[in-house]
Amino acid sequence: MSTTLYDKIWNDHLVDQQEDGTALLFVDRHLIHEVTSPQAFEGLRNSNRKVRHPNLTLAVADHNVPTTDRTKGISDQESKIQVDTLESNCKEFGVQLFGMDDKRQGIVHIIGPEQGFTQPGTVIVCGDSHTATHGAFGSLAFGIGTSEVEHVLATQTLVQKKAKNFRINVNGTLPLGVTSKDVILQIIGKIGTAGGTGCVVEYAGDLIRSLSVEQRMTICNMTIEGGARAGLIAPDEKIFEYLNGKPMSPKGENWEKALEYWKSLKTDADASFDKEINLNANEILPMITWGTSPQDVITIDEKVPNPQNEKDEDKKNSIERALKYMGLTPDMAATDIKIDKVFIGSCTNGRIEDLREAAKILKDKKISSHVDAIVVPGSGLVKEQAEQEGLDKIFVNSGFEWREPGCSMCLAMNADKLKPEERCASTSNRNFEGRQGRGGRTHLVSPGMAAAAAISGNLDDVRKYQN
Amino acid sequence: MQKFNTLKSIPAYLPIVNIDTDMIIPKQFLKTIKRTGLGKNLFFEMRYDDNGKEINDFVLNQEPFNNSKILIAGNNFGCGSSREHAPWALLDFGITCVISSSYADIFYSNCFKNGILPIILEEEKIKELSEYANRKEEIAVDLNDQKIIYGNNEIKFEIDPFKKKCLLEGLDDIALSLKKSDKIQNFENRLKDKRPWVFND
């Protein structure tokens with residue numbers, strides 16, 4: 001029978017299948033961080049259980065860590081306890097940890113690929129919804145809750161039900177200045193934040209194949225914002241080349257065996273999908289979010305919606321509520337939205353190519369005098385690479401602050417946050433109420449668009465700044 | 001885990017769609033290393049003003065909804081972050097049943113690990129039930145019979161049989177999975193042969 005890539009990975013990980021459809025699935029790779037793991041370890045201790053395969057789990061502190069000078073440690077006591085707890089749990093249970101002073105430290109979804117821990121055809125989980133990122137490698141990667149983290153630690157498996165197959169085809173080529181961030185924002189706008197609920201999405205089409213490994217990660221990363229738990233892309237030569245020689249990639253004979261298996265990971269030509277949509281890449285424009293849900297997207301050429309034009313009462317209320325929170329008036333032009341802050345970073349857009357894209361726009365330019373802007377590289381290795389390329393100087397010369405790696409202002413658990421009513425052009429993934437700080441207003445954009453907004457002082461069209 | 005069997009309560013109605021887990025429990029409360037104590041911060045941003053005082057307009061601050069065990073809400077409830085702190089906060093507040101027309105997958109799954117029953121109903125039925133919240137009248141939930149009883153009416157709801165069993169019996173699913181240790185071991189032996197690189201040795 002013809003099967004999809006998701007079917008194949010699922011079938012290759014079935015430990016047990018119950019009659020009611022509930023399955024026990026083997027987990028090849030488990031990533032943990034300080035926020036969603038302490039209660040899981042506590043559960044293990046209380047039940048006298050061990051970690052079944054400590055070397056299939058990798059730990060890093062990312063959500064709570066300061067992005068400023070770290071020599072004095074973490075000043076926030078609660079954050080410090082959480083980071084210290086991760087360290088002591090890892091020691092007690094024998095799990096490898098990249099500590100705060102390790103240059104490999106960074107956002108959990110950036111370090112996995114960087115180290116070659118992320119591999120095609122694997123089942124990867126993490127107590128974080130953006131685990132979908134790793135699907136760019138042709139793995140089945142999804143976020144789980146803390147009870148499930150405990151389950152994986154104890155059993156190296158997870159109780160799951162098979163999801164539906166949903167394929168999103170993107171064909172054509174992207175116009176100048178349009179990136180994979182704009183593609184995924186467009187997709188979320190089209191399907192809505194619950195559009196993928198109960199599904200695993202496979203991204204396909206010639207545009208997807210033409211994207212770099214990092215650009216693919218941006219797309220898979222935000223799959224969760226469309227409601228699907230996992231998004232994946234069939235692995236190809238770009239993926240194999242990326243992984244070759246990474247510290248945790250298979251070596252020698254194992255590399256050859258792995259490669260042979262990885263090359264078999266694709267959807268059969270006549271496989272059927274429960275749902276399928278098509279997008280034309282040529283028609284995608286630079287996107288922004290105007291509201292408080294990632295589905296609230298418009299192009300930079302468009303106007304903020306007017307609730308009066310909405311007939312559905314729930315939707316109308318929802319637009320009104322979002323506009324009020326965002327401090328916007330109906331029908332105002334996107335480019336009239338003045339900003340106070342710019343944040344470049346996160347597991348969505350904190351990789352080296354993202355920083356290059358922003359730096360290209362910022363070179364020899366100054367940011368607007370009323371804008372505060374920070375760049376938070378996704379990992380210590382991204383930071384090091386950027387510094388070798390002199391990107392840090394471009395950012396600093398333009399007026400940005402150059403920070404230490406972590407999740408930072410994407411969720412504002414550390415000191416990096418918006419004040420009430422402050423407005424931010426952000427390369428992160430969620431524009432929920434209060435996400436970047438109580439009362440803070442977030443507009444999701446690509447790194448190039450964030451750079452353009454920093455220069456102009458308002459949301460602006462990155463194409464204006466393309467050479 | 002606390003067993004779930006039957007429940008009777010005046011439901012609280014929160015007519016907002018896409019309630020995300022950041023709304024249910026904002027990030028500043030994720031710094032805990034415990035599962036308990038989050039109830040006072042449930043829906044924090046909507047529930048308290050800048051000075052930390054309760055906002056009277058917010059439903060869970062009002063009698064009798066401050067004692068509701070059932071929450072009725074708009075569609076796509078629990079979207080966004082995977083934080084299990086969201087069901088922990090609901091549970092700690094005293095809410096053990098949520099009724100919505102749809103849920104985000106991770107939140108839905110997290111509920112069952114904590115003895116919370118998330119019921120899916122059609123929008124129309126939700127509007128009907130919300131009237132009971134408006135009139136401050138009790139409704140009853142019976143998991144075994146998979147029905148909600150309100151006034152002289154009943155609505156049946158669907159639930160996965162395995163999840164239902166776990167809730168009714170308060171089962172620890174790690175213990176259940178560990179009973180399959182032989183199967184896991186067999187799988188791992190086959191895996192070492194077929195895809196040896198996975199073991200990261």
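How many bridges join strand β3 of chain A to strand β6 of chain A? In this predicted model, local features need pLDDT of at least 70 and side-chain atom pairs count only at pLDDT 80 or more, while totals for chains, interfaces and linings use all residues. Residues are numbered from 1 along each chain as its sequence is written, and chains are lettered from A and ligands numbered from 1 in the order in which they are written.

Three bridges link β3 (residues 29–32) to β6 (residues 123–126) of chain A, and the two strands run parallel. Strands are DSSP runs of E with at least two residues, and helices are runs of H or I with at least four, numbered from the N terminus; two strands pair if DSSP finds at least two bridges between them. Within this pair, A:His30 lies opposite A:Val125 of β6(A). Five strands of chain A make up an open sheet with parallel pairing, in the order β5-β4-β3-β6-β7. Its edges are β5 (96–98) and β7 (140–143) of chain A, each of which pairs on one side only.

The largest nonpolar core contains 196 residues. Such a core is a set of buried Ala, Val, Leu, Ile, Met, Phe, Trp, Tyr and Cys residues joined through C-beta atoms within 7 Å, where buried denotes 20 or more other C-beta atoms within 10 Å of the residue's own, with C-beta atoms placed from the backbone. Helix α16 (residues 447–456) of chain A supplies the largest share of this core, seven residues. A:Val342, A:Ala450 and A:Ala453 have the most contacts inside the core.

Between the chains, 44 residues of chain B are in contact (C-beta atoms, placed from the backbone, within 7 Å) with 60 residues of chain A.

Key. Contact = placed C-beta atoms within 7 Å. Buried ≥ 20, exposed ≤ 12 C-beta atoms within 10 Å, placed from the backbone.
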